[in-house]
Amino acid sequence: MNQYDEHDPRNDGQDKASFQDQAERVSRRLSDSAQQVWLAGLGALGRAQAEGSRFFDSLVKEGEAFESRRREKSTEDGPGWRDNVEEQLGQAREKAAGTWDKVEKAFEDRVHGVLKRLHVPNAEDVSTLNARIDALTTRLNRLESRQASAASGEPTPGSHQSPTGS
């Protein structure tokens, strides 16, 4: 008799109860972890917004200083200030992009770490499991086909038996 058979007199419901308790604990852990991931995301967004507004404020101050210098030199330099503005703007864009990349990378690393600690499979793990399931399904189909052939009295492929069974 199978040790997991429901009709086993040795099984008095403890397996079901312990399985249910274990399922509830796993469910609570997943819920708690999902909450942590959510809060980490909100924290990353808040930090990005705070750093973004500080960065914007510093750009405004630099722009004001640049504008006052430009006014002083406008009579001396003429149209050359436009090139300088474009250069400053390009540098500001690079800084902003770098900040966002850092925030995004930090968030991805945090989420990946939490999922790894929870033993949540990644895409490669799922792909490997799917391949194993496909192989097992193929083997099971072959076995069922052989059993059906044997039950109907037909020879199994490769058995070299005559249809009469002799």
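Start with the largest pocket, which has a volume of about 320 Å³. A pocket here is an open set of points on a 1 Å grid over the protein atoms alone, with protein on both sides within 12 Å along at least five of seven lines. The volume is the space filled by probe spheres set on the points, which are joined across faces, edges and corners.

Before you click further: this is a predicted model, where local features need pLDDT of at least 70, side-chain atom pairs count only at pLDDT 80 or more, and totals for chains, interfaces and linings use all residues. Residues are numbered from 1 along each chain as its sequence is written, and side-chain values use heavy atoms, with hydrogens and water left out.

**Select the lining.** Pick F56, L59, E62, G63, F66, R69, V85, Q88, L89, Q91, A92 and K95, which line the largest pocket (lining residues have an atom within 4 Å of a point). Helices α1 and α2 (81–117) are the elements that give two or more residues to this lining. By class, the lining has six nonpolar, three polar and three charged residues; Gly counts as polar, while Ala counts as nonpolar.

Is R70 buried or exposed? R70 counts as buried because its relative accessibility is 19%, and buried means under 20% relative accessible area (exposed is over 50%, partly exposed in between, with a 1.4 Å probe and protein chains only).

Select A40, G43, A44, R47, E51, K102, V103, A106, F107 and R110 to see its lining. Here too, α1 and α2 are the elements that give two or more residues. This lining divides into five nonpolar, one polar and four charged residues.

**Out to the surface.** Pick V26, L30, L115 and V120, a nonpolar surface patch with about 270 Å² of accessible area together. Patch residues have over 30% relative accessible area and no salt bridge, with nonpolar side chains joined within 5 Å and like charges within 9 Å. A salt bridge is a side-chain nitrogen of Lys or Arg within 4 Å of a carboxyl oxygen of Asp or Glu. V26 lies in helix α1 (residues 14–77) and is partly exposed, at 33% relative accessible area.

**Zoom out.** The chain comes to three helices and zero strands. Of its 166 residues, 7% count as buried.

Conventions. Areas by Shrake-Rupley, 256 points an atom, 1.4 Å probe, with all protein chains shown as cover. Helix = DSSP H or I, 4+ residues; strand = E, 2+ residues; numbered from the N terminus. 1 Å grid on protein atoms, 1.4 Å probe; cavity = no way out; pocket = protein on both sides within 12 Å on 5 of 7 lines; lining within 4 Å.
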